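Hi,

Here is the model I promised to pass on. Have a look at it first, and then read my notes below.

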Amino acid sequence: MATTTKDIFSGASRGGDAWPEVLSVLPLNLRKIIAGVRPEILCRVEEVRIRALRPLMLGLDSGDAMLTDGGALTDNLHKAYRVGEEEVGRCLQLISGSSIYALEEEIRNGFITILGGHRVGLTGKTVLDQGKVKTLKYFSGINIRISREITGSAGSLMPRIIDREGGTIHHTMIFSPPRCGKTTVLRDAVRMISDGAPECGLPGQVVGLVDERSEIAGCYRGIPRRNIGIRTDVLDGCPKAEGMVMLLRSMGPSVIATDEIGRPEDVRALEEVLNAGVRVIFTVHGSSLEELAVRPALNYLFRLNMIDRYVLLGRDLKAGLVKGVFDRKSIFEKGVVSC
Amino acid sequence: MLKIIGSLMLVTAGGVAGMMVAREYAKRPGELKALLSAIQMLETEIMYTATPMAEAMERVAAGADRRVAGFFRDAALDLKSMAGRTAGEAWQAAMDRFYPRCSLSGGDMSILGNLGGALGRSDREDQAKHLRLACEQIKMEIIKSEEDASKNTKMWNYLGFCGALAAVIILY
């Protein structure tokens, strides 16, 4: 009798409800190893890293750790379970539901989003076509980033971005280095804006969400599986620049939300939305405003001088901590962008 | 009188037995054709709509001839259970259950097996190559099986009847 996810996690859920979804895409022997990990550790896992011929590793909130055959954490390289070459290929087949052909675009971009909105990053040998990445083959590395819905993670952010006079939110940019919980906070913020937050004096708004990587809403077959609020319309898997304009025209949103703005076309689309009188909330990769200002597209955005709140997240104790909020004035006072 | 009745019974039994054997031979081309059209459906699902494998197999099962639909349904269910099996393994397991119930030859099964090993592992172009190769091979088997069938069905139809007749003559 084959071990299924249900067998491993029958009864009480161990370490959050994300695991059954993650385990179902792992080969059986890896499932068994992870099922041996203690529950209090499982709920702190942020990543599962599977690299061919190297140790199986878990990315925890406190750093990474190798696993033994029995699922115990170890820092001894010789005791660690080593992932076989064919195991990576097998894992990829399970991740794709044996449908690599259906995920050509995703593989070209280097990641696949699985049921539950967990992002799976891929590495291998790239195949080029006229100098551009056509696809990957000989997959060698898989990183499963476990996405967790943390209700209330935007609680400390919300009061600082609400525009009380307008009864809506300010234009907001959330930025932080990777793994600080940008997406988690954005998801919760979208939920609160959409449902309304009476305690902050915010009525519910129609939110248009462009979820290019299916990470925010965790859509499966187009239907959001995460709680993103009752007034949120999601364009799943849509390029941000096109999606924002589509939502603007079609769904009449009061707020448009999206993840990871960075390319010039994203900023151009954002400018169009800003000029249309719709509020925006979005995330950007970067650890400081100065660093962001070096990137030409974002520098242009700063110069537009339309974003009201720049929120920096950090991860001192837990991901999603608001480390600083800057407004329009402080951008110029700090000399990030010269007038 | 009794002799005549006995002879008639013998001839009828011989005839029917011969026809039954002949029908077995005639079944294989039909099953191969059903399989061919099912694999062509699978190719369409993969090539033109990039349907994920489990769903593609389910759709094929819904649309295919009932002689092969069970096979595809079986593989789809296995794949959907997320029990850690790949499409190739689900396909192989479904084949193992399907083989005893069908009239296909070992050679036909190895064509299917080779296709299963490649299913879902590569991009669209490559999948198309494997699917088309399997289709071509099945087409050749259909031609061969039809020749076999026409030879053998005729032979068995006559053999059963004539054999019984010969027995009657000897016994009379």
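What volume does the largest cavity have? About 40 Å³. Before the rest, some housekeeping. This is a predicted model, in which local features need pLDDT of at least 70 and side-chain atom pairs count only at pLDDT 80 or more, while totals for chains, interfaces and linings use all residues. Residues are numbered from 1 along each chain as its sequence is written, chains are lettered from A and ligands numbered from 1 in the order in which they are written, and side-chain values use heavy atoms, with hydrogens and water left out.

**Cavities**

Rolling a probe the size of a water molecule over the atoms shows where empty space is left. A cavity here is a set of points, on a 1 Å grid over the protein atoms alone, where a 1.4 Å probe fits but cannot get out; lining residues have an atom within 4 Å of a point. Points are joined across faces, edges and corners, and the volume is the space filled by probe spheres set on them. Searching the whole structure turns up 2 cavities of 30 Å³ or more.

The lining of the largest cavity is made up of V210(A), D211(A), E212(A), R213(A), I216(A), K240(A), T258(A) and D259(A). By type, that lining has 2 nonpolar, 1 polar and 5 charged residues (nonpolar: Ala, Val, Leu, Ile, Met, Phe, Trp, Tyr, Cys and Pro; charged: Asp, Glu, Lys and Arg; polar: the others, Gly among them).

The second largest cavity also comes out at about 40 Å³. Around it you will find E149(A), I150(A), T151(A), S153(A), T184(A), R187(A), D188(A), R191(A) and N227(A), which divide into 1 nonpolar, 4 polar and 4 charged.

T258(A) sits in strand β13 of chain A, residues 255-258 (strands are DSSP runs of E, at least two residues, and helices are runs of H or I, at least four, both numbered from the N terminus). T258(A) is buried, at a relative accessible area of 1% (buried is under 20%, exposed over 50% and partly exposed in between, with a 1.4 Å probe and protein chains only). A polar atom of the T258(A) side chain is 3.1 Å from the backbone oxygen of V210(A). That is a polar contact: a pair of N or O atoms within 3.5 Å where, within protein, one must be able to donate a hydrogen and the other to accept it, and residues adjacent in sequence count only if both atoms are side-chain atoms. Leaving out residues up to four places away in sequence, T258(A) touches L186(A), V210(A), K240(A), M244(A), I281(A), F282(A) and T283(A) (contact means heavy atoms within 4.5 Å).

**Cysteines**

C43(A) is partly exposed, with 40% relative accessible area. In chain B, the sulfur of C135(B) is too far for a bond, because the closest cysteine sulfur, in C102(B), is 17 Å away. C135(B) is buried, at 4%.

R148(A) belongs to the loop between β7 (132-145) and α7 (158-161) of chain A and is partly exposed at 21%. The R148(A) side chain has a polar atom 3.3 Å from the backbone oxygen of L42(A).

**Two positive phi values**

L53(A), not a glycine, has a positive phi of about 65 degrees. It is in the loop between β1 (45-51) and β2 (57-60) of chain A and is exposed, at 52%. S98(A), also a residue other than glycine, has phi near 50 degrees. S98(A) is in the loop between α5 (85-95) and α6 (104-109) of chain A, and at 1% it counts as buried.

**Where B meets A**

Which residues does D123(B) contact, leaving aside its neighbours within four places in sequence? They are I100(A), Y101(A) and E104(A). D123(B) lies in the loop between α5 (106-118) and α6 (124-171) of chain B and is partly exposed at 23%. Its C-alpha is separated by 9.6 Å from that of M47(B), 76 residues apart along the chain.

Cheers

How values were computed: 1 Å grid on protein atoms, 1.4 Å probe; cavity = no way out; pocket = protein on both sides within 12 Å on 5 of 7 lines; lining within 4 Å. Disulfide = S-S within 2.5 Å.
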